[in-house]
Amino acid sequence: PRELHCAINVYGLNAGKHVLQEVPGVFTVDEAWATVEAAERNRRHCYMLENCCYGENELLALNLTKSGVLGEIMQAEASYVHDQRTMQYAPKDGNFWRIARHRTHHGNYYPTHGMVPMSKCMDVNRGDRFETLVSMETVSRSFEEYAQATFPASDERHHWKMVKGDINNTMIRTAKGKCILVEHNVCTQRP
């Protein structure tokens with residue numbers, strides 16, 4: 001389960017193993033530091049296997065960037081945007097883990113699909129680094145409207161309240177003055 005990724009990572013690192021992790025690796029700053037500290041203390045690698053780095057479009061962008069065809073990349077936009085309302089409300093393995101964080105947390109909890117490939121094109125952690133981050137989100141409407149229209153009042157999902165806004169936009173500036181805009185939206189209808 002996603003909530004155990006950090007604990008499993010730290011356990012593996014403390015056991016002297018290199019760790020390859022699925023996304024998301026952590027949910028909090030404390031979890032991030034626990035992972036970093038375990039990796040450094042044990043002199044082991046902890047690597048996120050972000051599968052979107054290996055798609056045809058992502059590799060094309062990386063190769064065009066690294067070959068100089070596109071020039072210096074100063075700004076990029078990356079997103080995780082598609083209507084997942086049906087999937088988010090469907091139970092898996094007896095629980096609703098996909099939508100659980102929408103009910104309890106703000107922010108973009110899944111930025112890596114777009115951000116990691118763009119970061120590679122922009123040399124983040126290879127000569128540049130993230131320096132400033134601003135993140136904002138809209139109010140929450142789409143999930144609740146969907147649930148009320150889809151499930152009868154006798155179904156608990158009909159009454160669930162969401163904390164996370166429908167759309168989250170995060171702007172990141174690097175130390176070298178490059179910018180990345182990351183959008184997360186899994187609950188609004190798309191054309």
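At what angle do helix H1 and helix H2 pack, and how far apart are their axes? The legends below take that up. This is a predicted model, in which local features need pLDDT of at least 70 and side-chain atom pairs count only at pLDDT 80 or more, while totals for chains, interfaces and linings use all residues. Residues are numbered from 1 along each chain as its sequence is written, and side-chain values use heavy atoms, with hydrogens and water left out.

**View 1. The whole protein.** Here we have seven helices and six strands (DSSP runs numbered from the N terminus: H or I of at least four residues for helices, E of at least two for strands). Along the sequence they follow the pattern α-β-α-β-α-β-α-α-α-β-α-β-β. The C-alpha atoms fill a box of roughly 55 × 45 × 30 Å along the principal axes. Of the 191 residues, 39% are buried (under 20% relative accessible area; exposed means over 50%, partly exposed in between, with a 1.4 Å probe and protein chains only).

**View 2. H1 against H2.** H1 (residues 5-14) and H2 (residues 29-42) pack at about 10 degrees, with axes 9 Å apart (axes are lines fitted to C-alpha atoms over the stretch in contact, and angles run from 0 to 180 degrees between N-to-C directions). The two helices are therefore roughly parallel (angles under 35 degrees). H1 brings Cys6, Val10, Leu13 and Asn14 to the contact, and H2 brings Glu31, Ala34, Thr35, Ala38, Ala39, Arg41 and Asn42 (contact means heavy atoms within 4.5 Å).

**View 3. The two sides of H2.** Thr35, Ala38 and Ala39 are the buried residues of H2. They span an arc of only 95 degrees around the axis, so they sit on the same side of H2 (the arc is that of directions from the helix axis to the C-beta atoms). Their cover includes H1 and strand E2 (46-48). Turned away from the buried side, the other face carries the exposed Val29, Asp30, Trp33, Glu40 and Arg41. Just after H2, Arg43 takes a positive phi of about 55 degrees.

**View 4. Asn185 and its surroundings.** Asn185 lies in strand E6 (residues 179-185) and is buried, with a relative accessible area of 1%. Setting aside neighbours within four places in sequence, Asn185 touches Tyr80, Val81, His82, Asp166, Ile167 and Arg190. Gly165 is 20 residues from Asn185 in sequence and 8.8 Å away in space, C-alpha to C-alpha.

Methods:
Parallel < 35°, antiparallel > 145°, perpendicular 65-115°, else oblique.
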